[in-house]
Amino acid sequence: MTEQEILEIYQRAGAVWFFDYKGDPKAPHAELTSGLCSDGYVNSAPVLSDPVTVQTLGFWMTKRLGERNITEVDWVIGSAYAAITFSYEVARQLGARHGFVEKDPTNPKKMVWNRLAIPGHAEVLQCEELITTLGTTMEVRRAVDEGNPEPVRWLPTVATAVYRPTDLWMDHDDIGIVYLVGRQVQSWKPEECPLCVNGSPRLRPKQHWTELTCKAA
């Protein structure tokens, strides 16, 4: 499948929206949970709740990984909660063990790894459903590195279904991103948002999906 065909899976599921800069400048834009304004939004849950779709996406991810000569790993690690089904399917198709970090009950911005033990010699692939920055990526690695009894060998490649950075061609030190769909997404503080300046109202996507996309979810 091409990147566009995979993106259409998300579009059919009502799981993705991007601001149309060629359309009405007063059309609404997204207000993120952080309070920032954004010209793009992806909600992976409707897509990754379908086992058949997850199997398809897992197949194409293993194809993309194979292009990087990644065909065998010992473990695949995902994060809570949306990445669990996708990372599990990638692990299954690679013939690897699977695990996922969990949110720290005392601090939801942190993650913990304390249910499984990865052997120190194991080669580990990290797999996410969505990457915007490397914040979650590095937090997953910190949790495993601190919680696992032995140091693990992380692959220098991270797999993700959707990659939506502010710059699609930005470099990450020592980490390569393998993705199925890549789109640049900008975000701003409300007082700095050019969409707000043009009269575009801010809407929370999950509560106002119909108004945001101008169609029913």
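Reply: Let us begin with a definition: two strands pair if DSSP finds at least two bridges between them. Please keep in mind that this is a predicted model.

Me: How do you know that strand β9 and strand β10 pair?

Reply: Strand β9 (residues 123-131) and strand β10 (residues 153-163) are joined by seven bridges in the parallel sense, and because the definition asks for at least two bridges, they count as a pair. Leu 130 stands opposite Val 162 in β10.

Me: What makes β6 and β11 edge strands?

Reply: The open sheet has five strands with parallel pairing, in the order β6-β5-β9-β10-β11, and both β6 (97-100) and β11 (176-182) pair on one side only. Neighbouring strands of this sheet are turned by 20° against each other on average, direction ignored.

Me: How do you know which strands helix α4 touches?

Reply: Contact means heavy atoms within 4.5 Å, and by that cut-off helix α4 (residues 83-94), which packs on the sheet, touches β5 (75-78), β6, β9, β10 and β11. The direction of helix α4 makes about 140° with that of β9.

Me: Why do strand β2 and β13 count as joined?

Reply: Two bridges join strand β2 (residues 29-31) to β13, and these strands run parallel; because the definition asks for at least two bridges, they count as a pair. Ala 30 stands opposite Leu 203 in β13. Both strands belong to an open sheet of four strands, in the order β12-β3-β2-β13, whose pairing is mixed, with β12 (187-188) and β13 (202-203) as its edge strands.

Technical notes: Residues are numbered from 1 along each chain as its sequence is written. This is a predicted model: local features need pLDDT of at least 70, side-chain atom pairs count only at pLDDT 80 or more; totals for chains, interfaces and linings use all residues. Side-chain values use heavy atoms; hydrogens and water are left out. Axes are lines fitted to C-alpha atoms, for helices over the stretch in contact, and angles run from 0 to 180 degrees between N-to-C directions.
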